[in-house]
Amino acid sequence: MLEVTRLTLIKSFFRLFLLQASWNFERMQNVGVLFVVEPVLRVLYREKDLQQACQRHLSYFNTHPYMASPVLGATVALEQMRANGQEGTFSVDDFKRISMAPYAAIGDAFFWGGVRPLAACLAIFFASRESLWAPFVFLLLFNLPHLWTRLFGFIHGYQRGVSIVELIQRYRLPDVAIRLKEAMVVLLGGLSAYLVVGVCRFEQVPTPWAFVALPLVFLLVFLARKGTSALFLLSTVIVLIITLFQVVKW
Amino acid sequence: MQIVLARIDNRLIHGQVLESWVPSLKANCIVVANDEVAHAVMQKLLMEAAVPRGIQVIVDTVDAVSELLCSDELGDARVLLLFATAHDARRAVESGLVLKKLNLGNMHAGSGKLQCSCTIFLDNDDVVDLEKIQACGVSVTSQCVPSERETKWSKMVMKRV
Amino acid sequence: MTFINLIMASLIAVICGLDRTAALQLMLSRPIVAGPLAGLVLGEPLIGLQVGMLVELLWLGRLPVGASIPPDDTQIAIGATFLSVAFAAPDFSTPVTIVFCLLVTMPLAKSGQFFDRMARRANNHLVKRVEQNVLTGDLSMIAKLHLAGIGHFALAALMTFVVVAGVGSLLCLILMPHFVFWLVAPVNWLQLTFILVGSAMILASINVNRATTLFGASFVGSILMLWLL
C-alpha cells in the first residue's frame, strides 16, 4: 500500500502558491499542476509509470488559483488510489477536466467578485483618514478567507477525494458571494457619501449639494454599461471640472 | 424568450461567463448545449453548484436544446447559450436554430490547432464549421469579456494563414 | 531621490507585479497595498497611500478571469507614487502633484497588458520544453522550467514599471510646468472624481440585481445621517 507522506503533502501545498508561474495561453496552468503534484507522483510511481503520470498532467488545465487547492488535493487522493490499483468512479483526468471550470466560476465570484471589493471598500475608509492601517486591513480581510481556502481546501480535498464536490454544494459559495456583493454595494454608497460630504464641508459648500453627486454617479454607471472605459470617463469628468473652475474664475 | 448571447466556450460555465457576461447582458438563464455533459450527472451537478440561485441553468444535448429554443417554452427568459465546440454550434444552426451573432470565447489548443488569437485555436474542421455557420447568416466574432474589443472572425482567419 | 530609491522602487514593482499572477497572490498587487509599499521605500508612505486609494476602485471590477488580462493598476500605483515623490514641488500641495502624476501615468496602464501578454507567450515555449523533457523521460527539469516563468513575469513587471516611470517622468517634465496650475483650485473635487468614477465602474460591472438602487439608498441615507447628526 503506497501512501503519500505528510512531508510530501506539505511540499505540494507550498508549491500551490507558485501554481501560475508558467501560465501560458496554450494550456494555461498545465505545467503548474505538474509542478504541484510532482513530489506526490515521485512517491507513487517509478520510471515508465512516472513518466506517463507526468504526461497525463500536462493536459489543459485552468481554474481559480485558490480553488486549485481543493481540486488538486482531490487529485492527489485519486492518484494515490490509482497507484494502489483502486479505480474509483472517476479517473484522475476526468475529475480534473470536469471540476476546473465550475471551481473557477465559484472562486471568481467569491474572491474576485465578493471578498476583494468588500475588503477594498473598508480599506479606503481607513485610507481616506490617512491611516496607514488601510493596507493591513485590506490584506487581513482578504487573506483570512483566502489562506483558509488554500489550506483546508487542500486537506479536505486529499481526505475526501471526489466527494469534495458535496462540500462545495453544501457551502453554496455563489450565493454567499451575492450577499457579499450586496454588502459591498451598500458600503460603497456609504463611502461615496462620506467622501462627498467631506469635500463639501472642506470647500464650504452647503451639505445638501452632496445629493447632486448621486445622479452624476448614475450617469457614469449608465455610460460604463454602454462600454465606456474608466480612463475615458475619468478624464472627461476631470476636464469638465477644470473647465468649470476656469470659467467661474474668469 | 431572447438569446442575448450565443457563445462557443470549451470551458462552458466559468468565471468569464458568470462574472462578466451575465451581469453585462442581464441574462437570467444559462443554456448549455453539450451531448457529453447532458449525460454526466456529476458534471451537471457541479455546474449547477457554480451558478447562484436566481439564474436558471439548463443542460441538455445539442438537439434537445435547439428544439427547446425553437419552441416557446422558456417564456420571457434572457438566454445565454453555450456550446463547447464549433461543430456543436453548426449542428444547432443547421437544425433550425436562428442566431444573429455567435461569439467565440475560448477554444483551447489541441494537436493540429493553430492559434488565431490569445484564446482561440482552430483546426481546419473548425474553420469549415464556422464558415458554414456564417453562411447561414450568423455574424461570427470573437470577444473574451465585454470590456474587450470585438474582433471579426474573418480578420482572425487571415491572421492564421 | 537617490539611485538607491530607484532600485528599491523597481524591486517593489517586481515583487508586487509577480503577485498579480505568477506567485503567492496575497493581493500585494492591489494599489491600496502596492502604493503605500512603494511609498515606504521612498520614504513617503502617505503619498503612496493616497495614490493607492485613488486608483484602487477604478479597475477593481476588471477580474483576472481565464485569459483576460486587466489593465496593470499595480504598476500605475507604484509608478505614480514614484513620480509624486520625485516631482514633489514646494509650490504645490501634495494632492495636486498626486492627481497630476496619476493622470499622466494612467494611460500607460495598457503597456502592462502588452508586457503581460508577452510573458505568457514566452511561457508557451516553456511548455513545449517541458513536454519534450517528459517525453524523453528527463523529469529533473520540470520544476526549473516552470519557475523560469517567474523570470518572464518579473521582466514584464519591470518593463511596465520602466515604461510607466520613464514615460511618466518625461511627460511630467514637459507638461507639469504648463498644466499643473489648473489642478490647484479644484484638487479636492478631482480626488473625489477618482473615487466616484471607480464606484460607478464597480456598479456597472457587478452582478447584483438592483445594485444602483442599493447604492442610491445607502448614499442618500448616509448623507442624511452626516448632515442632520
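## Chain C, from end to end

Starting at the N terminus, the elements of chain C run α-α-α-α-α-α-α-α-α. That gives chain C nine helices and zero strands. Keep in mind as you look around that this is a predicted model.

Chain C has 229 residues, and 59% of them are buried. Now take the contacts in chain C with a separation of 6 or more: 72% of these link residues 24 or more positions apart.

## The largest nonpolar core

Next, the inside. The largest nonpolar core has 218 residues, and the ones that touch the most other members are I13(B), L82(B) and V197(C). Helix α5 of chain A, residues 92–128, gives the most to this core, with 21 residues. Both domain 1 (6–181) and domain 2 (209–250) of chain A supply at least three residues each to this core. As a general background idea, in soluble globular proteins nonpolar side chains tend to be buried together.

Let's zoom in on V197(C). Leaving out residues up to four places away in sequence, which residues does V197(C) touch? From chain A there are L220(A), A230(A), L233(A), L234(A) and V237(A), and from chain C there is L58(C).

## Two domains in chain A

The domain assignment of chain A gives domain 1, covering 6–181, and domain 2, covering 209–250. Going by C-alpha atoms, the centres of domain 1 and domain 2 of chain A are 41 Å apart.

## Two loop residues with a positive phi

Find M28(A) in the loop of chain A between α1 (6–15) and α2 (30–44). M28(A) is not a glycine, yet it has a positive phi of about 60°. Is M28(A) buried or exposed? M28(A) counts as buried because 27 other C-beta atoms lie within 10 Å, and the cut-off for buried is 20 or more.

Chain B has a case of its own. L12(B) is not a glycine either, and its phi is positive, at about 55°. Look for L12(B) in the loop between β1 (2–9) and α1 (15–25) of chain B. With 25 other C-beta atoms within 10 Å, L12(B) is buried.

Still in chain B, strand β6 (residues 114–117) and strand β7 (residues 120–122) pair in the antiparallel sense over three bridges. The two strands, β6(B) and β7(B), form a hairpin, with two residues between them.

## Where chain B meets chain C

Last stop: the contact between two chains. Here 14 residues of chain B are in contact with ten residues of chain C. On the chain B side, α1(B) provides the largest share, six residues. What kinds of residues does chain B use to touch chain C? By class, there are five nonpolar, seven polar and two charged residues on that side.

Note on methods
Residues numbered from 1 in each chain as written. Chains lettered and ligands numbered in written order. Predicted model: local features only at pLDDT ≥ 70, side-chain atom pairs only at ≥ 80, totals over all residues. Core = buried A, V, L, I, M, F, W, Y, C linked by C-beta atoms within 7 Å. Buried ≥ 20, exposed ≤ 12 C-beta atoms within 10 Å, placed from the backbone. Helix = DSSP H or I, 4+ residues; strand = E, 2+ residues; numbered from the N terminus. Domains from an automatic or database assignment. Contact = placed C-beta atoms within 7 Å. Nonpolar A, V, L, I, M, F, W, Y, C, P; charged D, E, K, R; others polar. Pairing = 2+ DSSP bridges.
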